[in-house]
Amino acid sequence: VGLLVTRMPQAFQAPAPTLPEGFTLPAGAEAESVTFGTGWIAVVTEDDRILIFDRDGTLRQDLAISP
């Protein structure tokens with residue numbers, strides 16, 4: 001327990017991931033969720049797509065989610 005108490009506050013000191021300046025979604029796309037990977041950002045949209053962006057905000061891939 002002591003180890004958790006002494007180490008846990010340090011886990012929350014890492015900077016939160018941020019979107020690149022000027023990051024925009026394609027016209028008509030509305031985000032439901034966002035996740036950050038190493039070198040990429042994924043956005044799940046309300047119209048059942050996954051948009052993969054490079055860290056600079058360039059759209060890399062557009063994947064349709066089929067039912």
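A nonpolar core, as the term is used in this talk, is a set of buried Ala, Val, Leu, Ile, Met, Phe, Trp, Tyr and Cys residues joined through side-chain atoms within 4.5 Å. Good morning, colleagues.

Let me begin with the overall arrangement. The protein contains one helix and four strands. Followed along the sequence, these elements give the pattern α-β-β-β-β. Of the 67 residues in the protein, 18% are buried. The accessible surface amounts to about 5100 Å², and carbon and sulfur atoms account for 58% of that area. As for contacts with a separation of 6 or more, 13% are made by residues 24 or more positions apart.

I turn now to the interior. In soluble globular proteins, nonpolar side chains tend to be buried together. Which residues form the largest nonpolar core here? There are six of them: F23, A29, I41, V43, L51 and F53. Two strands each supply at least two residues of this core, namely β2, covering 40-45, and β3, covering 49-54.

Once its neighbours within four places in sequence are set aside, F23 is in contact with V43, F53 and G57. Both F23 and F53 are buried. How many aromatic pairs does a search of the whole structure find? The search finds one. The pair is formed by the rings of F23 and F53, whose centres are 4.7 Å apart. Their planes stand at 65 degrees, and an angle over 60 counts as edge-to-face, so this pair is edge-to-face. F23 lies in the loop between α1 (2-11) and β1 (31-37), whereas F53 belongs to strand β3, so the pair ties together parts that are 30 residues apart in sequence.

Let me move on to the charged side chains. The structure has three salt bridges. In one of them, the side chains of D47 and R49 meet, with an N to O distance of 3.2 Å. In another, R49 meets the side chain of D62 at 2.8 Å, again from N to O. This second pair links distant parts of the chain, since D62 sits in strand β4 (residues 59-64) and R49 in strand β3, 13 residues apart.

Is R49 buried or exposed? Its relative accessibility is 18%, and buried means under 20%, so R49 counts as buried. Its two partners are described otherwise. D47 is partly exposed, with a relative accessible area of 42%, and D62 is also partly exposed, at 39%.

The remaining salt bridge joins D54 and R60, whose closest N and O atoms are 2.7 Å apart. D54 is partly exposed at 24% relative accessible area, and R60 is partly exposed at 46%.

To close, I would draw attention to two features of the predicted model. One is the core of six residues that includes F23 and F53, whose rings form an edge-to-face pair. Thank you for your attention.

Note on methods: Residues numbered from 1 in each chain as written. Predicted model: local features only at pLDDT ≥ 70, side-chain atom pairs only at ≥ 80, totals over all residues. Heavy atoms only, no water. Buried < 20%, exposed > 50% of the residue type's maximum accessible area, 1.4 Å probe, protein only. Contact = heavy atoms within 4.5 Å. Areas by Shrake-Rupley, 256 points an atom, 1.4 Å probe, with all protein chains shown as cover. Salt bridge = Lys/Arg side-chain N within 4 Å of Asp/Glu carboxyl O. Phe/Tyr/Trp six-rings, centres within 6.5 Å; stacked < 30°, edge-to-face > 60°.
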